[in-house]
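The following paragraphs lead the reader through one protein model. Please keep the sequence and the structure in view while reading.

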Amino acid sequence: MLRLKTSLGYFLLAVLASPVVADDARQPTHELTLDNGLKVIVREDHRAPVVVSQIWYKVGSSYEPPGQTGISHALEHMMFKGSKNLGPGESSRVLRSLGAEENAFTSRDYTAYYQVLSRDQLPIALEMEAERMHTATLPEDEFIREMEVIKEERRLRVDDNPNSLAYERYLTQAHIASPYAQPVIGWMHDIERLTVEDLRAWYTTHYVPGNAVLVIVGDVTLNEIKPLVEKHFAPIAAGPVPDHKKPLELPGGAEREVTLHLDVQLPSLLLSFNVPSLSTAAEAWEVHALRLLSGVLDGGYSARLASRLERGESIATSASASYSGFTRGDTLFTLNGLPNQARDISLEQLEAALWKEIDELKTTPPSSSELTRVKTQMIAADVYQQDSISHQATQIGQLESVGLPWTLIEEDAAALEAITPEQVSEVARRYLVSERLTRGHILPAASAAVDETDAGLPATGSPAAGSPAANTQQEESN
């Protein structure tokens, strides 16, 4: 049996037992919650007879206690090793035989499983996903083998990849008081001491209906989905929903610096500032202003970093900025770059050039035309991404998993349009300050013997090619 939840922007189709539907001319979107707490969001997109089904669990590396880093990712691996009526790998074999695409991923804020398949095969996918939610067997022999796979994955993706290793180490300094410092895949010494009992306890605690969101987007209607969801998921016992604490960061007061000598070919600079996300900001406009600030600096070919530092002054081989406001806790606003080695530009000179751009924005707001261009780019990018049903489902799942309503998707363009040039300057003055700064210098190992005191500044942001920030895949592990 379903109980209804009303959200802003919806209108009732009928009374009481009816779900609510978004006021969306493109695709009707329905939201309902089962009695056991499972939230279900169905978005109709009838352009092709295909559907994507995603189940999102509100657990990731930022939930993990010391000594158990990587447990969310390890459990994700083990969730393919069988359930009450399916043997190890059997669900994947069935889905492949149906022509479906399936996989899973773990991040700092969530773990998600998905299938993309013909609309006619959706009942099979839902049945297997419901079984996996409450009857995963987590056999010990499979666990022993899979942990060796995970160790090798860590060696391949992090330990033997200098840029990934640099970024992992850098984040431990950039996040002072937040579990976001922990790698998604986990520290090797923690991976080595995880036990199957640890995973079973983690599964029992976090894989409950009230801690999950089921998102279905594609050629379906609510009338088709509702009985399927009730049939397969409603019988699952509710269980206690774990309490979630948002990862919060210290407001400032400590400029930090880390210098790493690794097997990289080029020096690079990272500058990160501790900033709020939409989940933690006192005022939502700040987050949208930070997003636009990132766009002014690094929003395509005409953006300031590319036009001034790369092509204009030729100080940087590449320079970029990045910020995501849609996280569960406080996050980072990051600049990165590679100094122009052909002109013998130092990391200090590159950092000075980046600060010049920041300081200019603090004192002089971007012009209306420049900000309009950035807004148009961001809104257009989102509009075109809506062509993908997987992208639509992922947007919904990510927002809901970090505690934000999915309806923000519909409100985002208006939120960006409302930001003024002065507000962009205001967030630069408020947040891009030395008290919130972590500086990272990533230097070729050979330079350590030449100058141990080199303060060269490496860079990161919306990943500059060849820089540590270009290897942020570790933020999300499959």
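The model is a predicted one, in which local features need pLDDT of at least 70 and side-chain atom pairs count only at pLDDT 80 or more, while totals for chains, interfaces and linings use all residues. Residues are numbered from 1 along each chain as its sequence is written, and side-chain values use heavy atoms, with hydrogens and water left out.

The overall composition comes next. Helices (H or I, at least four residues) and strands (E, at least two) are DSSP runs, numbered from the N terminus. The protein has 15 helices and 14 strands. A residue is called buried under 20% relative accessible area, exposed over 50%, and partly exposed in between (1.4 Å probe, protein chains only). Of the 478 residues in the protein, 58% are buried. A contact requires heavy atoms within 4.5 Å. Among the contacts in the protein with a separation of 6 or more, 79% join residues 24 or more positions apart.

S92 belongs to helix α2, which covers residues 90-97. Its relative accessibility is 10%, so S92 counts as buried. When residues up to four places away in sequence are not counted, S92 touches F80 and E102. The C-alpha atom of S92 is separated by 8.9 Å from that of N103, a residue eleven positions away along the chain.

Charged side chains provide further links. A salt bridge is a side-chain nitrogen of Lys or Arg within 4 Å of a carboxyl oxygen of Asp or Glu. By this rule the count comes to 34 salt bridges. One of them joins R328 to D109, with the closest N and O atoms 3.6 Å apart. R328 lies in the loop between β12 (316-323) and β13 (331-339), and D109 in the loop between β7 (101-106) and β8 (111-118), so this pair ties together parts that are 219 residues apart in sequence. R328 is buried at 4% relative accessibility, and D109 is buried at 5%.

A second salt bridge connects E286 with R430, and here the closest N and O atoms are 2.0 Å apart. Because E286 lies in helix α9 (residues 284-298) and R430 in helix α15 (residues 421-431), the pair ties together parts that are 144 residues apart in sequence. E286 is buried, with a relative accessibility of 4%, whereas R430 is partly exposed, with a relative accessible area of 32%.

Within helix α15, what separates R429 and E426? These two residues are three positions apart in the helix, which means that about one helical turn separates them. R429 and E426 also form a salt bridge, their closest N and O atoms being 3.0 Å apart. R429 is partly exposed at 33% relative accessibility, and E426 is partly exposed at 24%. Through salt bridges that share partners, E286, E422, E426, R429 and R430 are joined into one network.

The packing of helices can now be considered. Two packed helices are described by the angle between their axes and the distance between the axes. Axes are lines fitted to C-alpha atoms, for helices over the stretch in contact, and angles run from 0 to 180 degrees between N-to-C directions. Helix α12 (residues 368-385) packs against helix α14 (residues 408-417) at an angle of about 175°, with the axes 10 Å apart. This makes α12 roughly antiparallel to α14, a description used for angles over 145 degrees. K375, M378 and I379 of α12 make the contact with A413, L416 and E417 of α14.

Helices α9 and α10, the latter spanning residues 304-312, pack at an angle of about 35°, with their axes 4 Å apart. Their contact is made by V296, L297 and D298 of α9 and R304, L305 and A306 of α10.

Two residues in loops complete the tour. L138 is not a glycine, yet it has a positive phi of about 45°. L138 is placed in the loop between α3 (122-135) and α4 (140-159), and it is buried, with a relative accessible area of 2%. S314 likewise has a positive phi, of about 55°, although it is not a glycine. The place of S314 is in the loop between α10 and β12, where it counts as partly exposed at 22% relative accessibility.

Key:
Angles under 35 degrees count as roughly parallel, over 145 as roughly antiparallel, 65 to 115 as roughly perpendicular and the rest as oblique.
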